[in-house]
Amino acid sequence: MEDWILRTQTHQDWISLFYFFNFLFITALFILDSERVQSLLRPFSLPVYLGKYNSEKNVNYLHNFNLLSFLVTVNTLVLLFYWALQFNSLSVQYAYEFYYFLIGVFLLLILRFILVRFLVKTLKLTKRTRSPFFKVFSLNSQFSYYLLILLFFYEFSTFNKGVINALIFGLLGAWAIQYTGVLLNYFRNHPKDIFYLFLYLCTFKVAPWLWYFRIFIETKL
């Protein structure tokens, strides 16, 4: 009787390396401020986290901790696209395709950040938007940790894929509810800014991702 032979898949080396770098980033975050990371990892702890870290120093997005958190969020988002493509019976076969998606997301978010900061300063909305922007940033960071763990188990574990998929969809739904809550809370406190809020959602939230889909994802479908 012949023995089973383990055959490595061509994509596993680079995708494993990508997960490895993500966990290195998280390790670096623990080294920088382990208490802050642990606070983010606790479910339903975001209000406490925001109350503790919503300071001038921590809201600085060029701070080392925030830069690393941004990298983890971007990487996790691209891994989410990689996961979603499989529902169309597609997969990213080569590393350069994955890096293509990654560079696209990175450039989109950087350009959007620069444009939003410029408009906020021009419209003199810096003070009133600082807190909700930091809430969204922290929310994205927190859910990126959870999502990265689920995607890792989906890729490498023998757990039931259907259960993991359900957990991922549930996590995305929870993120959407909390994100909507941040926007509604801002609208209640600043009802006169409804035009700016509508402009922000259409121009900087929806439109960029539609263009990203057209340029980077649709060509793969």
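## Gln38 and helix 1

Gln38 lies in helix 1, where helices (H or I, at least four residues) and strands (E, at least two) are DSSP runs numbered from the N terminus. With a relative accessible area of 37%, Gln38 is partly exposed; buried means under 20% relative accessible area, exposed over 50%, and partly exposed in between (1.4 Å probe, protein chains only). The C-alpha atoms of Gln38 and Tyr49 are separated by 9.9 Å, the two residues being 11 residues apart along the chain.

## Basis of the model

This is a predicted model, in which local features need pLDDT of at least 70 and side-chain atom pairs count only at pLDDT 80 or more, while totals for chains, interfaces and linings use all residues. Residues are numbered from 1 along each chain as its sequence is written, and side-chain values use heavy atoms, with hydrogens and water left out.

## Overall architecture

The protein has seven helices and zero strands, giving the pattern α-α-α-α-α-α-α along the sequence. Of its 221 residues, 40% count as buried. Among contacts (heavy atoms within 4.5 Å) with a separation of 6 or more, 78% are between residues 24 or more positions apart.

## Nonpolar core

The largest nonpolar core has 50 residues, and those with the most contacts inside it are Tyr49, Leu79, Phe98 and Ile168. Helix 1 (12–41), helix 2 (46–53), helix 3 (64–85), helix 4, helix 5 and helix 6 each give two or more residues to this core. Such a core is a set of buried Ala, Val, Leu, Ile, Met, Phe, Trp, Tyr and Cys residues joined through side-chain atoms within 4.5 Å.

Leaving aside neighbours within four places in sequence, Ile168 is in contact with Leu80, Trp83, Leu147, Leu150 and Leu151. Thr76, found in helix 3, is buried at 1% relative accessibility. Not counting residues up to four places away in sequence, Thr76 touches Ser144, Leu147, Leu148 and Leu151.

## The loop at Ser157

Ser157 lies in the loop between helix 5 (126–156) and helix 6 (161–189). Ser157 counts as buried because its relative accessible area is 18%. Its side chain reaches the backbone oxygen of Phe153 at 2.4 Å and the backbone nitrogen of Phe159 at 3.3 Å. Beyond neighbours within four places in sequence, Ser157 is in contact with Phe152 and Ile164.

## Salt bridge

The structure holds one salt bridge, defined as a side-chain nitrogen of Lys or Arg within 4 Å of a carboxyl oxygen of Asp or Glu. The side chains of Glu35 and Lys52 form this pair (2.3 Å, N to O). Glu35 in helix 1 and Lys52 in helix 2 are 17 residues apart, and the pair links distant parts of the chain. Glu35 is partly exposed, with a relative accessible area of 45%, and Lys52 is also partly exposed, at 48% relative accessibility.

## Surface

The protein exposes about 13700 Å², of which carbon and sulfur atoms supply 69%; accessible areas come from the Shrake-Rupley method with a 1.4 Å probe, and for residues only the protein chains shown count as cover. Tyr99, Ile103, Phe106, Leu107, Ile110, Leu111, Phe113 and Ile114 make a nonpolar surface patch of about 710 Å². Ile114 lies in helix 4 (residues 95–122). Patches are made of residues with over 30% relative accessible area and no salt bridge, like charges being joined within 9 Å and nonpolar side chains (Val, Leu, Ile, Met, Phe, Trp, Tyr) within 5 Å.

Conventions. Polar contact = N/O pair within 3.5 Å; in protein donor to acceptor, adjacent residues only side chain to side chain.
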